[in-house]
Amino acid sequence: MSVRACGLIIFRKLQELSSASAIEFLLLQTSYGSHHWTPPKGHVDPGEDDLQTALRETKEESGLDASQFTILEGFRKELNYTANGKPKTVVYWLAEMKDSNAEIKLSSEHKAFRWLSLSEACKLAEFLEMQSTLKEAHQFLCSKV
């Protein structure tokens with residue numbers, strides 16, 4: 001059986017979108033395993049829908065409440081890969097911070113966070129699927145200007 005997880009690709013704009021570097025993505029570094037970097041995400045609990053899971057996990061892992069960001073219409077990305085020998089599906093939505101200086105409060109599952117440009121985020125996100133998802137999200141945002 002496939003493991004299912006959901007999360008949010010959270011971004012902030014540093015100024016009006018005059019340059020690609022005006023967008024920064026939030027990545028969290030896990031405090032377990034290989035300490036990889038990903039957006040906030042987690043497993044779907046029984047009775048939850050995918051978006052509820054993404055909102056709950058974002059709150060648990062980053063301290064960010066749904067009132068602090070806006071989920072953008074038109075972007076939903078589903079990744080399918082193998083993790084620990086099991087098939088895994090992860091669904092991401094794209095969310096824009098309302099206050100770019102909002103405080104991030106990490107859970108014990110993570111040991112660090114960073115706001116990163118696309119190129120920096122792709123360097124830290126070691127998995128190709130995550131890198132391509134970040135690039136797609138960035139392209140989506142740039143196409144809306």
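Which residues is Phe 11 in contact with, leaving aside its neighbours within four places in sequence? Contact here means heavy atoms within 4.5 Å, and the partners of Phe 11 are Ile 23, Glu 24, Phe 25, Leu 72, Leu 94, Ala 95, Glu 96, Met 97, Trp 115 and Leu 141.

The model is predicted: local features need pLDDT of at least 70, side-chain atom pairs count only at pLDDT 80 or more, and totals for chains, interfaces and linings use all residues. Residues are numbered from 1 along each chain as its sequence is written, and side-chain values use heavy atoms, with hydrogens and water left out.

**Nonpolar cores**

A nonpolar core is a set of buried Ala, Val, Leu, Ile, Met, Phe, Trp, Tyr and Cys residues joined through side-chain atoms within 4.5 Å. Buried means under 20% relative accessible area, exposed over 50%, and partly exposed in between, with a 1.4 Å probe and protein chains only. The largest such core has 23 residues, of which Ile 9, Phe 11, Phe 25, Leu 94, Leu 134 and Leu 141 touch the most other members. At least two residues of this core come from each of strand E1 (3-13), strand E2 (23-30), strand E5 (69-83), strand E6 (86-97), helix H2 (118-124) and helix H3 (128-143). Helices (H or I, at least four residues) and strands (E, at least two) are DSSP runs, numbered from the N terminus. With five residues, H3 gives the most to this core. A second, separate core holds 15 residues, including Leu 28, Leu 64, Val 91 and Ile 104.

**Helix H3**

The expected span of a helix is 1.5 Å times one less than its number of residues. The 16 residues of H3 should therefore span 22 Å, and the end C-alpha atoms of H3 are 22 Å apart, which agrees. Buried residues in H3 are Met 130, Gln 131, Thr 133, Leu 134, Ala 137, His 138, Phe 140 and Leu 141. Their cover includes E1, E2, E5, E6 and H2.

| Residue | Element | Relative accessible area |
|---|---|---|
| Trp 37 | strand E3 | 7% |
| Gly 42 | strand E4 | 10% |
| Thr 53 | helix H1 | 0% |

Not counting residues up to four places away in sequence, Gly 42 touches Arg 4, Ala 5, Cys 6, Thr 53 and Glu 57. Beyond four places in sequence, Trp 37 is in contact with Leu 27, Leu 28, Gln 29, Ala 112, Phe 113, Arg 114, Leu 124 and Ala 125. The C-alpha atoms of Trp 37 and Pro 87, 50 residues apart along the chain, are separated by 20 Å.

**The largest pocket**

On a 1 Å grid over the protein atoms alone, a pocket is an open set of points where a 1.4 Å probe fits, with protein on both sides within 12 Å along at least five of seven lines; lining residues have an atom within 4 Å of a point. The largest pocket has a volume of about 670 Å³, a volume being the space filled by probe spheres set on the points. Of its 30 lining residues, His 36, Lys 41, Tyr 81, Ala 83 and Lys 88 are the closest to its centre. Two or more lining residues come from each of E1, strand E3 (37-38), E4, helix H1 (50-62), E5, E6 and H3. The most, five residues, come from E6.
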